[in-house]
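This briefing goes through one protein structure by topic. Please keep the sequence and the 3D view open while reading.

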Amino acid sequence: MKYMVLIGDGMADRPLKELSGKTCLQAANTPNMDMLASEGEVGMLRTIPEGFPPGSDVANLSVLGYDPLKYYTGRAPFEAASMGVKLGERDIAYRCNLVTLKILKSGKSPHVRGRAFMDDYSSGHISTKEAKPLIEEINQKLGNSEINFYPGVSYRHLMVWKNGEYSVDCTPPHDITGKDIADYLPVGDGEDVLRNIMMSSVEILESHPVNRIRARKGLKPANSIWLWGQGKKPNLPTFKGKYGLRGALISAVNLTKGLGVHAGFSIINVKGATGWIDTNYYGKAKAALKALKTVDFVYLHVEAPDEAGHRGDIDLKIKAIEDFDLKVVGPITDGITGFKDYKILLLPDHPTPIEAKTHTSEPVPFVIYRSDRKVISKAKGFDEDIANVQGVLKFEEGYKLMDYFIGGE
């Protein structure tokens with residue numbers, strides 16, 4: 001048996017008045033996902049346990065079959081694993097975003113002179129080429145024997161604090177778009193160190209040549225770093241140890257790839273995979289089918305719908321969902337027929353509602369399609385209304401779905 005998991009990050013949503021009460025998933029043209037729903041087992045899955053932040057880290061950990069109550073230590077350590085940064089037992093990793101702050105000249109703020117608002121959590125999706133020298137400059141000016149910065153992809157980077165503080169509340173920057181950052185700075189152990197680093201980064205980045213060039217082009221400057229998602233080194237059993245299956249993972253983002261590293265998967269990097277609307281969808285699908293010839297299980301993750309949700313862009317999210325359906329789900333459902341026995345699991349990891357512009361913890365729809373058993377389901381399509389289908393499968397503990405997907409008969 002071959003197993004394929006297709007994740008459309010953040011596809012699920014809430015009804016929108018702009019779409020006459022439909023969600024983006026319902027408004028999108030998704031014939032391939034709808035076909036899977038009409039001939040597979042459909043259900044609803046709660047990927048975020050009560051009391052946990054509704055992040056992609058917790059959600060994808062659940063989908064992969066790992067109980068967050070046992071294995072979750074924070075987001076950044078998974079990103080460190082993907083970047084090849086080894087953490088000691090007392091090291092604390094922090095996600096380090098390059099962000100754009102809108103800084104007003106009047107007023108007071110504990111972060112910068114004048115009030116500052118979160119204008120863009122991604123600095124206009126700054127390129128990796130532009131971001132690398134910015135992070136290198138930050139490391140040169142702010143790094144020391146205990147604190148080091150590591151460049152990642154686009155706006156997503158890493159800080160490691162040796163013997164650092166962990167018990168501090170940090171807010172994801174994509175949760176506070178348009179808001180005064182003074183209300184969302186780190187609070188708790190080590191807050192003074194973290195705030196000082198973030199404040200100092202503004203002075204370094206504002207005048208950097210990269211940002212001067214971006215300003216001349218009318219692009220948003222990466223004029224601050226934002227620290228969040230801290231965690232300690234996790235200790236996960238391998239996926240092969242849990243399920244006896246060799247696995248591979250395809251994603252453009254370090255978080256998901258880091259989960260794969262800890263699960264013992266082969267990590268497949270696809271040229272042109274960006275984590276944005278311009279990602280190489282077809283390349284990911286092709287790589288997944290190729291990988292399935294040598295492994296038993298492939299986890300294919302696409303970030304684009306989530307990014308569109310964070311921007312609150314309805315049209316962009318619909319396009320991302322339609323591209324996922326056309327360029328990933330379609331080629332996969334066609335190509336996987338070359339294998340004798342197979343199962344496909346399709347789902348979002350969590351909702352990223354347009355109105356909220358951030359993740360939420362509501363259950364998400366899923367479908368399991370298998371080569372040896374077609375089910376004429378009552379689902380009219382693959383969308384949030386699956387929750388209302390009579391006899392629908394329900395998993396309140398999200399990590400148990402993987403047990404069912406692999407072992408269910």
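Leaving aside its neighbours within four places in sequence, P353 is in contact (heavy atoms within 4.5 Å) with A12, D13, R14, G309, K317, T358 and T360. This is a predicted model, in which local features need pLDDT of at least 70 and side-chain atom pairs count only at pLDDT 80 or more, while totals for chains, interfaces and linings use all residues. Residues are numbered from 1 along each chain as its sequence is written, and side-chain values use heavy atoms, with hydrogens and water left out.

- P353 lies in the loop between strand 13 (342-347) and strand 14 (364-370); helices (H or I, at least four residues) and strands (E, at least two) are DSSP runs, numbered from the N terminus.
- P353 has a relative accessible area of 0% and is therefore buried; buried means under 20% relative accessible area, exposed over 50%, and partly exposed in between (1.4 Å probe, protein chains only).
- From the C-alpha atom of P353 to that of K257, 96 residues away along the chain, the separation is 24 Å.
- K357 is placed in the loop between strand 13 and strand 14, and its relative accessible area of 33% makes it partly exposed.

**Overall form**

- The protein has 14 helices and 15 strands.
- The radius of gyration (taken over C-alpha atoms) is 21 Å, close to the 22 Å that the globule rule gives for 409 residues, so the protein is as compact as a globular protein of that length. The globule rule is 2.2 Å times the number of residues to the power 0.38.
- Along the principal axes, the C-alpha atoms fill a box of roughly 65 × 50 × 35 Å.
- Of the 409 residues, 59% are buried.
- Among contacts between residues at least 6 apart in sequence, 73% join residues at least 24 apart.

**Surface and charge**

- The protein exposes about 16,800 Å², and carbon and sulfur atoms supply 48% of this area. Accessible areas come from the Shrake-Rupley method with a 1.4 Å probe; for residues, only the protein chains shown count as cover.
- There are 52 positive and 51 negative side chains, and the centres of the two sets lie 5 Å apart. Lys and Arg count as positive and Asp and Glu as negative, while His and the chain ends are not counted; the place of a charge is NZ of Lys, CZ of Arg, CG of Asp or CD of Glu.

**Helix 12**

- Helix 12 (residues 304-311) is mostly covered, with 7 of its 8 residues buried.
- The buried residues of helix 12 include A304, P305 and G309.
- Strand 6 (156-162), helix 11 (281-291), strand 12 (297-302) and helix 13 (314-335) are among what covers these buried residues.
- After helix 12 comes G312, with a positive phi near 70°.

- Most residues other than glycine have a negative phi.
- S154 is a residue other than glycine with a positive phi, near 55°, and it is found in the loop between strand 5 (147-153) and strand 6.
- K357 is not a glycine either, and its phi is positive at about 60°.

**Cysteines**

- The count of disulfides (pairs of cysteine sulfur atoms within 2.5 Å) comes to 0.
- The closest cysteine sulfur to that of C96 is in C170, 12 Å away, which is too far for a bond.
- C96 is buried, at 0% relative accessible area.
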